[in-house]
Amino acid sequence: MSEAIKTAQSNYTGPVVVDPLTRIEGHLRVEVEVENGKIKEARSCGTLFRGLEIILKGRDPRDAQHFTQRTCGVCTYTHALASTRALEDAIYSSGKKNIPANATHIRNLVLGMLFLHDHLVHFYHLHALDFVDVTAALQADPAKAAKIAASISPRKVKTEDYQAVQAKLKTFVESGQLGPFTNAYFLGGHPAYQLEPEVNLIATADYLQALRVQVEAARAMAVFGAKNPHVQFMVGGGVTSYESLTPERIKEFRTLYAKTREFIEHYYIPDLLAVAEGYKNWASFGGTRNFMAFGEFPAPNGERDLNTRWFKPGVIYDRKISATQKFEPDKIMEHVRHSWYEGDQAKAPYDGETRPAFTQMGDKDRYSWLKAPRYDNHAVETGPLAQVLVDYSQNHKTVKPLVELVLKKLSVGPEALFSTLGRTAARGIETLAVAQQVENWLNDYEANLGKGDKKIVEDYEAPKNAKGVGFVNAPRGGLSHWLRTDEKGRIANFQLVVPTTWNLGPRDGQNVPGAAEEALVGTPVADPKRPVEILRTIHSFDPCIACAVHVIDGQTNEVHKFKVL
């Protein structure tokens, strides 16, 4: 593999606007000011409003999960889980009661497969085209590509396999109908793309194969979750997937999981390292300073205790990994000073309001539908990098060796993690860690059933005048749902604080930029008309604007209300 070349950079000075920024969920506009070829200032603008918090008021809290998981069509289960955990926190607020062990096992298994599915799709189908020049694969030597592939993993590929992909790609390109590659920045050549043609061919071949593999992961979720997307097995107090107790369903899940894990170990991780080897210069760009993780995958009988989670909760300030601090929920506040909402004051999520007040597109003061959550008055990054750093700092027995392995493979130090490259690598580390652990969770679940325990749900009373919060470390990062009920047990207030508001949110009341806005500063831009470097850093966060801003009429600014009979 050739050494990374010096990052291409222009001498351009002026504004660059990417709108819409594609290959994400939802509508995002990014505005930057470039000075002598480097980004000096950035604004992240969520351009869609929906108002789910408004829709949920007055409803039965047991129905919240069915609304919130339709926030997005990708990681819908995480919203169902967050809403259900918020409900359970309200139900059991006066005691330490937990849901049945089997329910936790099943929830963890479905969530584990969501991680594998989501991260596979992100790497190959949302992020890879920022680094991989698909058309350059036509210049590759298929025999050399097969040799490189054999050297980086035990995958079984032949020269003919890459010849077939190359022939398919040639027909595709010559047709002029490029489908997902239309308007790709690499078309016509771009100085910021720097992989060898053979690595481009390998990645392109696996891009196509990953389209099939992600279906297997989604099917595994549906084995226990009833359907995917929008699972139907969640309920306050546990789960309702009684067929998950049978050997036949467990075997079906195990088969689908094994196929997914094999692809992750033999294709995804080797491909990630091969691409990273060609872009080690990106260990210098895209970094942030503060990180927050909720942890995830609770132990049986420990569903409501964040400290029982397999991934650990924690907060890191100023990149000081050796001084990881305890996560404290009461330190979360949401700012709207630079968002399109009424008011200037930061509020705790339990007291949060969602009152739209749009000004205009391009406004430098109020410029986004995203709110700006802060932890202890700090802008923090959440997501795979934050989770991996928190676990690395706490000597996690699975995560720490994987981090060290990746750093050794790339011949870089831990400081390289604080970057776009590090963020992308951390997603792969998180994926591999979960892929290895799912087998242990499945074995533990089978063993518990073998003891005769078949219980999967607890009865409960609907909570009145109560409050609860559900924390989920989703594939994109820290997700929390905050619930208050009234004297009739209906939803009085509901706020979603999602990973993308943490990462892509605007400035706060102290004018401190959000995580992505911070990360873009200092990034070189080689071609201001094709600013792929902006895409690289933004995509590394895996934004979901559909989750972050909740539909409004763009001309009248009127929130439409619908009554379903």
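Helices here are DSSP runs of H or I with at least four residues, strands are E runs of at least two, and both are numbered from the N terminus. This is a predicted model, so local features need pLDDT of at least 70 and side-chain atom pairs count only at pLDDT 80 or more, while totals for chains, interfaces and linings use all residues. Residues are numbered from 1 along each chain as its sequence is written, and side-chain values use heavy atoms, with hydrogens and water left out.

Step back into α9 itself, residues 384–393. This helix is mostly covered, with 9 of its 10 residues buried; buried means under 20% relative accessible area, exposed means over 50%, and partly exposed is in between, using a 1.4 Å probe and protein chains only. The buried ones are P384, L385, A386, Q387, V388, L389, V390, D391 and Y392. What does the covering? The cover includes α4, β6 (291–293), β7 (314–316), α10 (399–410), α11 and β10 (467–474). Several of those names come back below.

Take α4 next. Two packed helices are described by the angle between their axes and the distance between the axes. Helix α4 (residues 101–127) packs with helix α7 (residues 197–225) at an angle of about 160 degrees, and their axes are 9 Å apart. The axes are lines fitted to C-alpha atoms, for helices over the stretch in contact, and angles run from 0 to 180 degrees between N-to-C directions. That is why α4 and α7 are roughly antiparallel to each other; the cut-offs are under 35 degrees for roughly parallel, over 145 for roughly antiparallel, 65 to 115 for roughly perpendicular, and oblique for the rest. The residues of this α4 and α7 contact divide into 18 nonpolar, 4 polar and 1 charged. In that count, Ala, Val, Leu, Ile, Met, Phe, Trp, Tyr, Cys and Pro are nonpolar, Asp, Glu, Lys and Arg are charged, and the others, Gly among them, are polar. The crossing of α4 and α7 is left-handed, meaning the near helix is turned anticlockwise from the far one by less than a right angle, with clockwise being right-handed.

In the loop between α4 and α5 (142–152) you'll find F131. Is F131 buried or exposed? With a relative accessible area of 9%, F131 is buried. Leaving aside neighbours within four places in sequence, F131 is in contact with Y193, L195, N200, V275, Y279 and R536, where contact means heavy atoms within 4.5 Å.

R536 takes us to α14. In the pairing of α11 with α14, T420, R423, T424 and R427 of α11 meet R536, T537 and S540 of α14. The residues of that contact divide into no nonpolar, 4 polar and 3 charged. The axes of α11 (residues 420–450) and α14 come within 9 Å and cross at roughly 40 degrees, and that makes α11 oblique to α14. This crossing of α11 and α14 is left-handed.

Strand β2 (residues 28–35) is joined to β3 by 8 bridges, and E33 stands opposite E41 in β3.

β10 and strand β11 (residues 477–485) pair over 8 bridges, with R484 in β11 as the bridge partner of K467.

Finally, look at β8 (residues 332–335), which 4 bridges join to β9 in the antiparallel sense. Y375 in β9 is the bridge partner of I332. In a regular strand the side chains alternate between the two faces of the sheet. Along β9 (residues 372–375), A372 and R374 point one way and P373 and Y375 the other way, and all are buried.

Technical notes. Pairing = 2+ DSSP bridges.
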